[in-house]
Amino acid sequence: MNWTTHDVTNQVPDLVDYNLYESDQALREGVAREGAGEHDGSLLAYGAVLGEAASFALASDANEYKPRLEQFDRRGCRVDRVHFHPAWNYFMQQAFCQGMHCSAWEGGQPARMSSPAAAGPATGAQVARAAAYLLHGQVEAGSLCPLTMTSAAIPVLCGEPWFDTIAPRLFSRIYDGRDIPLTDKTSMMIGMGMTEKQGGSDLRSNTTKAVPAGVGGRGEPYRLRGHKWFFSSPTSDAHLVLARAQEGFSCFYVPRWLDDGRRNAIYIQRLKNKLGNASNASAEVEFQDATGWLVGEPGRGIATLVEMASYTRLDCVLGSTALQRQALVQALHHARYRKAFGELLIHQPLMQSVLVDLTLESEAATMLALRLAGALATGKPSLSGGPAGTLLDQAFVRILTPAAKFWVCKRGIEMASECMEVLGGNGYIEEGPLARLYRETPVNSIWEGSGNVMCLDVLRAMEREPALAEALMSWLRQQSVDDARLRQRVSELYVLCEKEGASRQQAARRIAQDLVLLTQAALMRAHAPQAVADAFVSTRFDGMGGVFGAIAASFEAETILGRAFNTL
């Protein structure tokens with residue numbers, strides 16, 4: 001049959017072949033503001049590569065064809081190989097070339113380390129890495145997981161006397177995904193193994209045991225027996241694992257292969273069948289007297305791994321910000337091409353309310369994420385032992401990072417849903433990008449501590465480090481002095497923070513939310529165009545809230561939306 005019932009019209013072309021970095025004015029301004037301007041050229045190049053039609057197609061393939069576990073080879077030998085689609089290797093290669101697994105620490109490692117980076121850190125390396133992370137996560141988010149954990153492991157391991165033996169591979173820019181002994185590889189990755197079936201975030205309920213293979217103590221080998229319910233990036237060359245030793249919970253460096261060429265006694269039971277994050281493998285494993293070396297002080301394993309988590313939590317904020325950004329640009333692109341009732345969606349007043357609100361959310365998240373990355377560069381002692389930065393920078397790292405992880409990741413889920421609705425049924429189908437973005441967003445809210453865990457961590461940090469809490473609160477008060485709405489919210493926040501016991505815990509989510517919103521308002525007022533900053537404050541502090549687009553105040557739609565996404 002050769003006949004036609006209709007012409008295809010009013011369908012939106014795919015958003016491809018654009019530069020993710022060049023078209024994001026807020027991101028470019030933030031990179032310059034936070035001291036990473038010298039990386040602008042490399043970020044422009046990376047934004048162009050990621051925006052190619054081929055990159056989006058590969059990202060789709062990496063998630064459609066999930067990792068596959070091969071437990072035994074054809075001869076019956078236990079091999080526990082995980083097979084990835086070639087698209088996974090493409091994105092890992094791109095990320096390694098960009099240095100997303102190590103660049104934040106280049107030049108900051110101890111002087112004894114024989115690495116080309118030892119000459120000194122590049123200006124703004126932490127912020128430049130954050131920007132690359134924001135770009136990469138818009139196209140293929142699953143491959144961020146092993147990069148995050150490898151980067152976060154470096155400051156944890158750099159104080160170990162044997163760090164020199166792995167440092168050249170940790171700082172290598174050549175991705176090597178082969179499942180072979182580390183001595184034969186050009187680079188390496190490090191994962192994490194903390195949670196168990198019975199405990200989840202309650203790490204003190206863990207049952208995995210570690211027994212000394214000799215004298216015991218820091219840097220000595222142990223035998224680990226137990227399990228991990230979520231073993232992230234199981235094909236990493238080593239994992240940092242929490243286990244119960246005689247001195248208490250301790251952290252262990254557990255390699256996948258031993259020095260004699262044998263596989264360590266880590267057995268993959270199955271790969272997780274996850275809602276999203278499909279390109280990335282997560283596993284359940286058992287340790288049957290696996291060999292691991294004690295990292296840090298005996299009995300301080302939870303504190304050691306919480307230190308690692310302080311870095312991975314920032315990456316959760318960055319990852320959710322990336323997903324927000326890509327969902328937003330897909331919605332804006334659709335609205336600029338799609339007509340309804342005789343008018344482009346982008347020109348319709350109610351749709352403008354929705355898109356403006358989404359744009360404000362995305363820009364505020366981007367601004368906060370880059371500020372946190374800048375604070376991390378100065379708010380913690382350097383790897384070579386230098387002093388921490390100002391009290392305010394330290395407060396951003398210790399108090400505001402978990403608060404942002406709670407708020408930005410939660411908002412990302414809502415935002416992906418709303419952006420999908422802008423596209424209507426075309427957003428809900430699997431052939432388009434929004435369905436995958438939507439499935440991807442919850443993982444950042446859950447991974448590295450759920451919302452309640454983050455909010456309780458905010459309270460704990462404020463209690464244990466009152467000087468940091470006061471520095472942050474004083475800064476918020478100063479930033480709000482000329483706006484009655486913000487002054488009122490700061491006063492209410494002080495009252496909430498003075499609560500005690502159960503009442504304070506019950507208010508933890510409100511405290512975390514207000515810390516983030518007030519900080520975002522301060523940053524927007526200081527650095528965004530006035531029309532954007534005014535719209536953010538009026539929509540977040542005039543008592544409206546609720547769903548995106550429930551805006552009563554007037555706003556400059558063309559200014560705000562034009563700034564948000566310009567591919568011309």
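**Reading residues, cores and helix packing**

Modeller: Let us begin with a loop residue. Asn 206 is found in the loop that joins β3 (190–193) to β4 (209–212). Please bear in mind throughout that this is a predicted model.

Colleague: Is Asn 206 buried or exposed?

Modeller: The relative accessible area is the value to consult, and buried means under 20%. Asn 206 has 1%, so this residue is buried.

Colleague: Which residues does Asn 206 touch, leaving aside those up to four places away in sequence?

Modeller: The list comprises Met 194, Glu 196, Gln 198, Lys 228, Leu 242, Arg 244 and Phe 249. For Leu 242, which is 36 residues from Asn 206 along the chain, the C-alpha separation is 8.2 Å. As for Met 194, its backbone oxygen lies 2.8 Å from a polar atom of the Asn 206 side chain.

Colleague: Where else do side chains reach a backbone oxygen?

Modeller: Thr 519 belongs to helix α17 (residues 508–527), and its side chain reaches the backbone oxygen of Leu 515 at 2.7 Å. The relative accessibility of Thr 519 is 0%, so it counts as buried. Beyond the residues up to four places away in sequence, Thr 519 touches Leu 368, Phe 396, Leu 400, Trp 475 and Leu 476. Ser 538, in helix α18 (residues 530–541), has a side chain that reaches the backbone oxygen of Ala 535 at 3.1 Å. Ser 538 is likewise buried, given a relative accessible area of 8%.

Colleague: How many residues does the largest nonpolar core have, and which of them have the most contacts inside it?

Modeller: This core has 159 residues, and those with the most contacts inside it are Leu 157, Leu 240, Tyr 253, Leu 355, Ile 399 and Leu 515. Helix α10 (residues 391–423) gives the most to this core, namely 17 residues. To return to Leu 355, it touches Leu 328, Ala 331, Leu 332, Ala 335, Ile 346, Val 422 and Leu 561, when residues up to four places away in sequence are not counted.

Colleague: How is the packing of two helices to be read?

Modeller: The description of two packed helices rests on the angle between their axes and the distance between those axes. For α10 and helix α12 (residues 434–446), the axes come within 8 Å and cross at roughly 165 degrees. Angles over 145 degrees count as roughly antiparallel, and α10 and α12 are therefore roughly antiparallel to each other. Their crossing is left-handed. The residues that make the contact include Cys 409, Ile 413, Ala 416 and Met 420 of α10, together with Leu 434, Leu 437, Tyr 438 and Thr 441 of α12.

Colleague: What is the value of phi in Asn 277, and what is it in Phe 341?

Modeller: Phi of Asn 277 is near 55 degrees, which is positive although the residue is not glycine. For Phe 341, another residue other than glycine, phi is positive and near 55 degrees. Asn 277 lies in the loop between β8 (266–271) and β9 (282–295), and Phe 341 in the loop between β10 (339–340) and β11 (343–344).

Colleague: Which of these two is buried and which is exposed?

Modeller: Asn 277 counts as buried because its relative accessibility is 8%. Phe 341, at 86%, counts as exposed.

Conventions:
Residues numbered from 1 in each chain as written. Predicted model: local features only at pLDDT ≥ 70, side-chain atom pairs only at ≥ 80, totals over all residues. Heavy atoms only, no water. Helix = DSSP H or I, 4+ residues; strand = E, 2+ residues; numbered from the N terminus. Buried < 20%, exposed > 50% of the residue type's maximum accessible area, 1.4 Å probe, protein only. Contact = heavy atoms within 4.5 Å. Polar contact = N/O pair within 3.5 Å; in protein donor to acceptor, adjacent residues only side chain to side chain. Core = buried A, V, L, I, M, F, W, Y, C linked by side-chain atoms within 4.5 Å. Axes fitted to C-alpha atoms, helices over the stretch in contact; angles between N-to-C directions. Parallel < 35°, antiparallel > 145°, perpendicular 65-115°, else oblique. Left-handed = near helix turned anticlockwise from the far one by under 90°.
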